[in-house]
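Dear colleague,

I am handing over the structure below, and I would be glad if you could look through it before reading on. My notes on what was found follow after it.

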Amino acid sequence: MIIVPLLILAATYCLNNIKVAVVLSDSMRPTFSTGDLIISKLISSEEVNIGDVISYGKNKEVPITHRVMKIEKNSFTTKGDSVSIDNTENVEKSTIISKYVFRVPYAGYIINWISSPWGFLLFYVIPINYICYTIIKRIIYSRKSHKRYMPQVF
């Protein structure tokens, strides 16, 4: 049941027009919470309207996702939904990455856990070793010569 949406998500992600991110803070609560997985669509700064939830950041920064409060000539004023009105931030239009589309509640916790050493071990190392073991066992077993026994005559 969960595999089909994940396959659709993987296919759209491969087309490079979708960004997937794990929410790391509660600054946008109640829109989404820590541990949610958010799906965003890549956009240009001209497509942004007041009230949109956008992700922005420079090159290797962790992107920030906030709501657009005001549009100016070369920048946007943004803030988190759970942050007071005094805590706004001016964002250059050139740093806009994507626009929020939907969220998958709590899926970010699973992705973060799979990225951890124990998750990597359980979801990658052990299954790959088991598959290799099975393949090698079948190859070795198929090479053994089998003796045919003659039927006993009484």
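How many aromatic pairs does a search of the whole structure find? Before the answer, please keep in mind that this is a predicted model. The search of the whole structure finds four aromatic pairs, and two of them are described here.

In one of these pairs, the ring centres of phenylalanine 32 and tyrosine 100 are 5.1 Å apart and the ring planes stand at 50°, so the pair is tilted. Phenylalanine 32 sits in the loop between β1 (18–22) and β2 (37–42), whereas tyrosine 100 belongs to strand β7 (residues 96–104), so the pair ties together parts that are 68 residues apart in sequence. Phenylalanine 32 has a relative accessible area of 2% and is buried. Another pair, made by tyrosine 106 and tyrosine 109, is stacked, with 6.4 Å from centre to centre and 15° between the planes. Tyrosine 106 counts as exposed at 59% relative accessibility, while tyrosine 109, with a relative accessible area of 46%, is partly exposed.

As background to both points, most residues other than glycine have a negative phi, and most peptide bonds are trans.

Turning to the overall layout, the secondary structure of the protein comes to three helices and seven strands, and from the N terminus on the elements run α-β-β-β-β-β-β-β-α-α. Of the 154 residues in the protein, 26% are buried.

The seven strands of the open sheet are arranged in the order β1-β2-β7-β3-β4-β5-β6, with antiparallel pairing. At the edges stand β1 and β6 (89–92), each with a single partner strand, so one side of each is left without a neighbour in the sheet. On average, and with direction ignored, neighbouring strands of this sheet are turned by 45° against each other. Within the sheet, strand β4 (residues 64–71) and strand β5 (residues 75–79) pair in the antiparallel sense over four bridges, and isoleucine 71 has phenylalanine 76, in β5, as its bridge partner.

Strand β1 also contains lysine 19, which is partly exposed, with a relative accessible area of 38%. Although lysine 19 and lysine 99 are 80 residues apart along the chain, their C-alpha atoms are separated by 9.1 Å.

Which helix gives the largest share of the nonpolar patch? That share, eight residues, comes from helix α3 (residues 117–143). Tyrosine 124, which lies in helix α3, is partly exposed, with a relative accessible area of 40%.

With best regards

Key: Residues numbered from 1 in each chain as written. Predicted model: local features only at pLDDT ≥ 70, side-chain atom pairs only at ≥ 80, totals over all residues. Heavy atoms only, no water. Phe/Tyr/Trp six-rings, centres within 6.5 Å; stacked < 30°, edge-to-face > 60°. Helix = DSSP H or I, 4+ residues; strand = E, 2+ residues; numbered from the N terminus. Buried < 20%, exposed > 50% of the residue type's maximum accessible area, 1.4 Å probe, protein only. Pairing = 2+ DSSP bridges. Axes fitted to C-alpha atoms, helices over the stretch in contact; angles between N-to-C directions.
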